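Let's take a walk through this structure together. Have a look at it first, and then we'll go through some of its helices.

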Amino acid sequence: MHEDGCQLYRCRSRMKLPMSTFALAIGYWSVFDLDTGAGGSLARRTPRANDGPESTSGRDGYLYPRDGVDASDVRCRIVASPSVLDRASKELSAYVRKSLKAATGLLGPYPFRRLDLVILPRSFDCLGLASPNVTFLSQSLMAGDGSMLVHVGHELSHAWFGLLIGARDWTEEWLSEGFSTYLEDQIHAKAMQWSETEAEEWTRLRTFLRHRTLMTEMDNTDQDLQTLRPNGKRTETEGTEAVVTNGMNPNKAFTQVHYLKGFFLLKHLSDSVGTEQFVLFLKQFIIRHHGQLIRSQEFFGLFLETFQGIHEPSMSVTSLNAQWLDQSGIPIALHNGADPPPSDRLYAQILTQVNWWQQHNAFYLIKTKKRRRSNKKFKWDFGELNSLRHSEQLVALLELLLDKTKMTKQTLSAVRLHYDLDNRNSHVRHRWCELIVKHNYEPALPVVADFLQEDQAMGVYLYGELLFSGRNTLVNLAVDCWHLLREEIGVSARQVVQQMLDECDLPSSLTNHHFIVGQ
């Protein structure tokens, strides 16, 4: 304790940490300890003996998996501002232990002895960020119904891919983000203890959504942001100095190519040998390369060495590099899409309801007099719409409705009311906001304003849709929120939105005027 009353903390690690960033959370925090159920302030906490990895044994140096930790022995805490802590602890407490158990069951002992989950303010401009002993989460993940918790599994898997093993050339971000995206579904399904059939259907649905998102990314992303290995073959040369291509480009922070294309590359490999065998291979890869910075070629080399029975030409290192890493656009393997089969129960439910809403919309597109004449023959039975169990089903339904050229205000109003869209999780509300903007559905514009303010990690995309819509009401809403938030919003998001405003070439009277959100 210093004379001025400040407490000094020292951090020491016996681990090699082959990672690109090291993050700290500085602020006035309250804490909930998952082990004791106790809460309180962090201001005067006394460090415990097992707070750091250096206390795992008396031996010098860290060796994985010897010095890894069983899921039940990881000290877990939830850290947040006092106003958020109660909500966060209720949402996360039971799930975190289940997710840790699922992750270690798949990948081996947890590399760290502590896991602090820090819930950051709304200005945090991503959904999650992993660092040794601490994981940062967006408030947007606190949906109240557990429907966003799959993202926790994503961040947990970074303990292995991203922290325990890092990319030698950080332009190969897929070696971290692609792996975590691939693993998050499996971790979540095991944590939820779903049956094999249930897990497969849910995973197929998420794969379908990822493919749609990737296609959209390719249509709206510069080509130099579409490759998984921007430095090309230079990355393969030992001793070559790595240059982080696009490292200062703020747009890169909001592209998902390295997540999604990386996921589909790993799925491509996994499908060729079977999921169970592929996950066992990942476990061995971790043991061999822990504490190291790696390149894609080392991963491909061990994969082909392990599965020597694969003789397809598309599975050579050269072919994998050419098709997946060094080429922009969609790889050939993804040209046929990723739609689940018609027999898939979850997907069939979605298609049935999409068809129902198409009929509803078509009815209200008919001119009024003709509709009145047919009204006696056509009564809408909303009971025909069975409840959708997973929020991903609702996201998919809204995605498919977004494909429709025109939707009437009657149908939009009915969809809003039936699914209670204003109060769903941030993924669902994001799609709902896109529908609102596309069809200029003015009664729901306050929902868009609220989303831009409270879900800043996901709102950047909506600014573009509003600003380039060509409708004054929507442009005004975007500028209104921008004036309200520009001193609060994250640096990367601020740069991207400012770039959009500049490209719109708006009159100074508009960009300098303060509007009142919601009025």
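**Helices that cross**

Start with helix α4 (residues 196-220) and helix α5 (residues 257-273), whose axes come within 10 Å and cross at roughly 130 degrees. Helices here are DSSP runs of H or I of at least four residues, numbered from the N terminus. Axes are lines fitted to C-alpha atoms, for helices over the stretch in contact, with angles running from 0 to 180 degrees between N-to-C directions. This is a predicted model, where local features need pLDDT of at least 70 and side-chain atom pairs count only at pLDDT 80 or more, while totals for chains, interfaces and linings use all residues. Residues are numbered from 1 along each chain as its sequence is written, and side-chain values use heavy atoms, with hydrogens and water left out.

Back to our pair: α4 and α5 are oblique to each other, because angles under 35 degrees count as roughly parallel, over 145 as roughly antiparallel, 65 to 115 as roughly perpendicular and the rest as oblique. Their crossing is left-handed (the near helix is turned anticlockwise from the far one by less than a right angle; clockwise would be right-handed).

Next, find helix α7 (residues 296-306) and helix α8 (residues 317-325), with axes that come within 10 Å and cross at roughly 130 degrees. That makes α7 oblique to α8. Here the crossing is right-handed. Ser296, Phe300 and Leu304 of α7 make the contact with Val317, Leu320, Asn321 and Leu325 of α8. In general, an α-helix has 3.6 residues a turn, so residues three or four places apart point the same way.

**A covered helix**

Now move along to helix α16 (residues 472-485). The buried ones include Leu474, Trp482 and Leu485.

The mean pLDDT of the protein is 87, and 86% of its residues reach 70 or more; pLDDT is the predictor's confidence in each residue, from 0 to 100. Over residues 44-59, though, pLDDT stays under 50, and residues 240-252 also stay under 50. Where pLDDT is low, the predicted coordinates should not be read in detail.

Methods: Buried < 20%, exposed > 50% of the residue type's maximum accessible area, 1.4 Å probe, protein only. Helix = DSSP H or I, 4+ residues; strand = E, 2+ residues; numbered from the N terminus. Contact = heavy atoms within 4.5 Å.
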